[in-house]
Amino acid sequence: MQIVKLQTKVDIPKSEIQIRPTDRLLFVGSCFADNIGKRFIDNRFKAIVNPYGVMYNPASIWHTISLNPSQGGKPFDIAVFTLGTNHVYVEKTTGEIVDNCQKRPQRLFEERELTIEECSNYIKQSVEAICSLPFGGGQGRGAILTISPIRYAKYGFHESQLSKATLMLAAERVAREYDNVEVFPAYEIMNDELRDYRFYEPDMLHPSTQAVDYIYERFKETYFSEDAKQMETEWQPIRQALNHRPFNPDSEEYKAFLKKAQEEEREFLLRWGGREEVK
């Protein structure tokens, strides 16, 4: 009897860009970047996520990079840029693309769409700012581009698809130009592997927590070094212990349990490179 495939799995080869436990990571982009980046922070990686707020389009992502969000002058090792849309808002009086309308009247702005060329140019500026040296040496070992799987209903679904297609073409153009830039197919995973509304939030637009967890696991398969996998594995029981909520937090038994978990946390941080806290 022939086995029927019930899922179309996206083939993703193991990447040469490998995330290490001591790497400094930057996530910038749509709320999907927030969701993925938060999982890195929760797992005690040195990650900074959208330091100036959520950025949906390539121009706004470049604005974040140009503001130099690196902490203490230290460069990032790997950046993940999540592109949501090619639609931008331009302030009429200045002609400049704004990242946030700050609740000012709509009449002060006009909406327009970035071309493939414009999108790729903004992405290239962001990539070159992070990856100023060749792959494997010094600062900026690599950049990973993703297209957010979140659809924009306000444009209409056809227009949303056109927007995503523009971003895909721009991202692919940049990835082909640089050896240390890759496109991770988050959008394709959501639409091919998870093509069921049970993997969406009730608005039927945003991926559910389960879906984001799944995409995160595929990301790990692609980019995590063996040391990074081991670090995360060791952290999980410690994290569970620290997050445990007892019936009686004042009991001596729980105080001893918490003290042990905190000691294990300190040992963990020292073992994996003396990780400093990254706000």
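Where in the chain is Arg44 found? The loop between helix H1 (31-42) and strand E2 (46-49) holds Arg44. This report starts there and then moves through a predicted model.

## Two residues with positive phi

Most residues other than glycine have a negative phi. Arg44 has a positive phi of about 70°, although it is not a glycine. Arg44 is also buried: its relative accessible area is 10%. That counts as buried because the cut-off is under 20%.

Gln102 is another such case. Its phi is near 50°, a positive value in a residue other than glycine. Gln102 sits in the loop between E5 and E6. Is Gln102 buried or exposed? Gln102 is exposed, with a relative accessible area of 59%. So Arg44 is buried, whereas Gln102 is exposed.

Look next at strand E1, residues 24-29. This strand is mostly covered, with 6 of its 6 residues buried. Its side chains point two ways. Arg24, Leu26 and Val28 point one way. Leu25, Phe27 and Gly29 point the other way. All of these residues are buried.

Which strands pair with E1? E1 pairs with E2 in the parallel sense, over 4 bridges. In that pairing, Leu26 stands opposite Ile48 in E2. Between these two strands, the chain crosses from E1 through H1 to E2. This β-α-β crossover is right-handed. E1 is also joined to E3, by 5 bridges, and the two run parallel. Here Val28 has Phe81 in E3 as its bridge partner.

## An open antiparallel sheet

Strands of a sheet pair through backbone hydrogen bonds, either parallel or antiparallel.

Strand E4 covers residues 87-91. E4 and E6 pair over 5 bridges, in the antiparallel sense. In this pairing, Val88 stands opposite Arg112 in E6.

## The largest pocket

The largest pocket has a volume of about 280 Å³. It is lined by 18 residues. Which of them are closest to its centre? They are Tyr56, Asn57, Tyr89, Asp99 and Lys154.

E4 gives the largest share of the pocket lining, with 3 residues. What kinds of residue make up the lining of the largest pocket? It divides into 9 nonpolar, 6 polar and 3 charged residues.

## The largest cavity

How many cavities of 30 Å³ or more are counted? The count comes to 1. The largest cavity has a volume of about 50 Å³.

Its lining consists of Phe27, Phe32, Ile36, Val80, Thr82, Thr146, Phe184, Ala186, Ile215 and Phe219. The elements that give two or more residues to this lining are H1, strand E3 (78-83) and helix H6 (209-223). The cavity lining divides into 8 nonpolar residues, 2 polar and no charged.

## Helix H5

Helix H5 spans residues 186-193. In this helix, Ala186, Tyr187, Ile189, Met190 and Glu193 are buried.

What do the buried residues of H5 pack against? Their neighbours are H1, strand E7 (142-147), helix H4 (157-177), strand E8 (181-184) and H6. H1 and H6 also give residues to the lining of the largest cavity.

## Leu242 in helix H7

Helix H7 runs over residues 226-242, and Leu242 lies in it. Leu242 is buried, with a relative accessible area of 19%. The cut-off for buried is under 20%, so Leu242 still counts as buried.

Which residues does Leu242 touch, leaving aside its neighbours within four places in sequence? It is in contact with Trp235, Leu258, Ala261, Gln262 and Glu265. Glu264 is 22 residues from Leu242 along the chain. The C-alpha atoms of these two residues are separated by 9.9 Å.

Technical notes: Residues numbered from 1 in each chain as written. Predicted model: local features only at pLDDT ≥ 70, side-chain atom pairs only at ≥ 80, totals over all residues. Heavy atoms only, no water. Buried < 20%, exposed > 50% of the residue type's maximum accessible area, 1.4 Å probe, protein only. Contact = heavy atoms within 4.5 Å. Pairing = 2+ DSSP bridges. 1 Å grid on protein atoms, 1.4 Å probe; cavity = no way out; pocket = protein on both sides within 12 Å on 5 of 7 lines; lining within 4 Å. Points joined across faces, edges and corners; volume = space filled by probe spheres on them. Nonpolar A, V, L, I, M, F, W, Y, C, P; charged D, E, K, R; others polar. Right-handed = clockwise from strand over helix to strand, strands pointing away.
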